[in-house]
Amino acid sequence: MTTSTRPHDSGATTSLLSGRAAFVVLTVILIAAFMELLDATIVSVAAPAIAEDLGSGEAALQWMLAGYTLSAGAGLITGGRVGDQFGRRRVFLLGLAAFTLASAGCGLAPNSGVLVGMRVAQGLAAGLMIPQVFGIIRASFEPGARAKALGAYGAVLGLASVAGPLFGGILVEADLFGLGWRAIFWVNVPIAIVGLVVGARFIPESRVPGGARLDLPGAALAAAAAVLLLLPLMQGRDWGWPWWGFLILALSVPAVALFLLRERRLVARGGQPILDPALLRVRAFAGGLSVSLLFFGALGSFFLLLSLYLQLGTGRTALETGLVILPYAIGSIITSGIGVRFAQRALLVSGALVLAASQIILLLVVRGGADPSYWALATPLFVGGLGLGLTAPSLINIVLAGVPAKDAGAAGGVLTTVGQIGNALGVAVLGVVFFARLEGSLTDGGTGLIAYGDAFTTILPWQVACYLAAAALMFLLPRRANASHG
C-alpha cells in the first residue's frame with residue numbers, strides 16, 4: 001500500500017494514496033456510488049412487477065421512489081459533516097453496511113409497507129455514505145489523481161443512468177433463482193459485502209478536527225416539513241381526501257417557518273446551520289432553489305409513470321421498457337460533457353427548452369390511444385436525454401457562481417437536497433394527477449391502453465410547464481460557472 005502524508009488544511013495529517021492502493025480505494029467507493037445511483041432509478045422499471053406481487057396501491061408505488069429520494073436528501077444534509085467529525089472511512093463503511101442491510105430488507109419485504117420502510121432506510125444510508133465518496137477523494141488522493149478520480153465518478157454517474165432501467169428490466173425478466181423483482185435488491189448484498197471487507201483494509205481514515213457541531217434539530221425540522229408536505233399529497237386519495245389531510249398539508253408552512261427561525265438564531269449564536277437564511281436574499285441562490293424544485297420535480301415522476309404506461313398500458317415487458325428508456329440515458333451522456341465543460345446559463349436554458357420540446361413530441365406520439373412503435377417512443381426520449389445532459393450536471397456549479405465563496409459548500413449541499421425534495425414532490429403531485437385521470441378513464445370504460453395513455457398524456461403538459469418555468473427562472477442565475485466551483 002503506497003501512501004504519503006501531508007498536513008491537512010485544518011492541521012490534521014492525512015494519508016495520500018497512490019498506485020495500487022489508490023486504485024483499490026477508488027474502485028470500492030465508486031462501486032458504492034454506482035449501487036446508490038442504480039437504486040435511485042431501478043425501481044421505476046420494476047414497479048409494475050412489485051405492484052402485482054405485493055398488491056401495492058398507487059401511494060405505495062409513489063413512496064417506493066419518493067421515500068428513497070427524500071430520505072437520501074435528508075441524509076445528505078448532515079452526512080458530510082458527520083464524516084468530517086467522526087471519520088470519513090468509518091462513516092462510509094457504516095453507511096455501506098446499513099445500505100447492505102436495507103437492501104436485504106427490501107429483498108425480504110413481505111408487503112408494501114415493509115418495502116417502503118426499507119427504501120427509506122436505504123435512502124438514509126445512501127445519504128450517509130455518498131458524501132464520504134467526495135470527502136475521501138479530496139482528502140486521500142494526490143491533486144492529479146484527485147481530478148481523475150472525480151472524472152471517474154462522473155463516468156460512473158453516466159453509466160448508472162444507462163444501467164438503471166436496463167439492468168432492472170434484465171433482472172426482473174431473468175427471474176434469477178425465482179426471485180423476480182427482489183433480485184434488483186439482492187444483487188447489492190454480495191457486492192457490498194466485498195466492498196466492506198476491502199474498504200476496511202485499504203481506505204485510510206481522515207477527518208476535520210474540531211469540526212462544527214451537527215445541526216440535528218435543524219435537520220429534523222427540515223425533514224418534518226417535507227413529510228408534512230408529501231404525506232397528504234401521496235396518501236390523500238387512499239384516505240378519501242379528508243379535512244385533516246389538508247390540515248397536515250397546511251402544517252408544513254409553520255414547520256418551514258420554525259426551521260428558518262431556528263437557523264437564524266443558530267447563526268446569531270455563531271453556529272453553523274444547515275441553511276443560513278441570509279442566503280435566500282441572494283438572487284442566484286433563491287433562483288437556483290426554485291429552478292431545482294421545478295426541474296427535478298418534473299423529472300422525478302417521469303420514469304415511474306412512463307414505466308406504468310409502457311408495461312400496464314402497452315403490454316411491454318420490464319426488459320422492453322428498459323430498452324425504450326435506454327436512449328434517454330444515452331442522450332444525457334452525449335451532452336453531459338458539453339454541459340460540464342462550458343457550464344453556461346445559455347446551455348441550462350437550452351437544455352430545459354429541449355426537455356420541454358421532447359415532452360411535447362412524446363405527447364403527440366402517445367395521444368389518441370395508439371400503441372406507439374419503439375422508435376416513435378425512443379426518439380423523443382433521446383431528445384429529452386440530450387436536454388437533461390445540458391442542464392443537470394452543471395446547474396449547481398452555475399448557481400454557486402453567484403453565491404459568496406465562504407457559503408459555497410453549504411449552499412451546494414442545500415441545492416442538492418432541494419433537488420431531491422423536488423424529485424419526491426414531483427412523484428407526489430404528478431402521481432396524484434396521473435392516478436386520478438387513470439381512475440376516471442377506467443370508470444368511463446377505457447381499456448388498459450387507452451386509460452393509461454390518457455393518464456400519461458395528462459401529466460406531460462404539467463411537465464412541459466415546469467421545464468418552461470424553470471427555463472424562465474434560469475435568467476436569475478449567473479451567466480457561467482466560476483472556475484473555482486466548476
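Biologist: How much space lies in the second largest pocket?

Modeller: About 160 Å³. This is a predicted model, so local features need pLDDT of at least 70, side-chain atom pairs need 80 or more, and totals for chains, interfaces and linings use all residues. Residues are numbered from 1 along each chain as its sequence is written, and side-chain values use heavy atoms, without hydrogens or water.

Biologist: Okay, which residues line that second largest pocket?

Modeller: Leu293, Leu294, Gly297, Ala298, Gly422, Leu425, Gly426, Val429, Leu430, Trp462 and Cys466. A pocket is an open set of 1 Å grid points where a 1.4 Å probe fits, with protein on both sides within 12 Å along at least five of seven lines; lining means an atom within 4 Å of a point.

Biologist: And which elements give two or more residues to its lining?

Modeller: Helices H10 (283-300), H16 (408-443) and H17 (448-473); helices are DSSP runs (H or I, at least four residues). H16 gives the most to this lining, with five residues.

Biologist: How do the lining residues divide, nonpolar, polar or charged?

Modeller: Eight are nonpolar, three polar and none charged. Gly counts as polar here.

Biologist: Switching topic: where does aspartate 407 lie?

Modeller: In the loop between helix H15 (395-400) and H16.

Biologist: Is aspartate 407 buried or exposed?

Modeller: Buried, because its relative accessibility is 13% (buried is under 20%, exposed over 50%, partly exposed in between, with a 1.4 Å probe and protein chains only). Its C-alpha is separated by 18 Å from that of valine 208, 199 residues apart along the chain.

Biologist: What about tryptophan 243, buried or exposed?

Modeller: Exposed, at 66% relative accessibility. Tryptophan 243 lies in helix H9.

Technical notes: Grid points are joined across faces, edges and corners, and a volume is the space filled by probe spheres set on the points.
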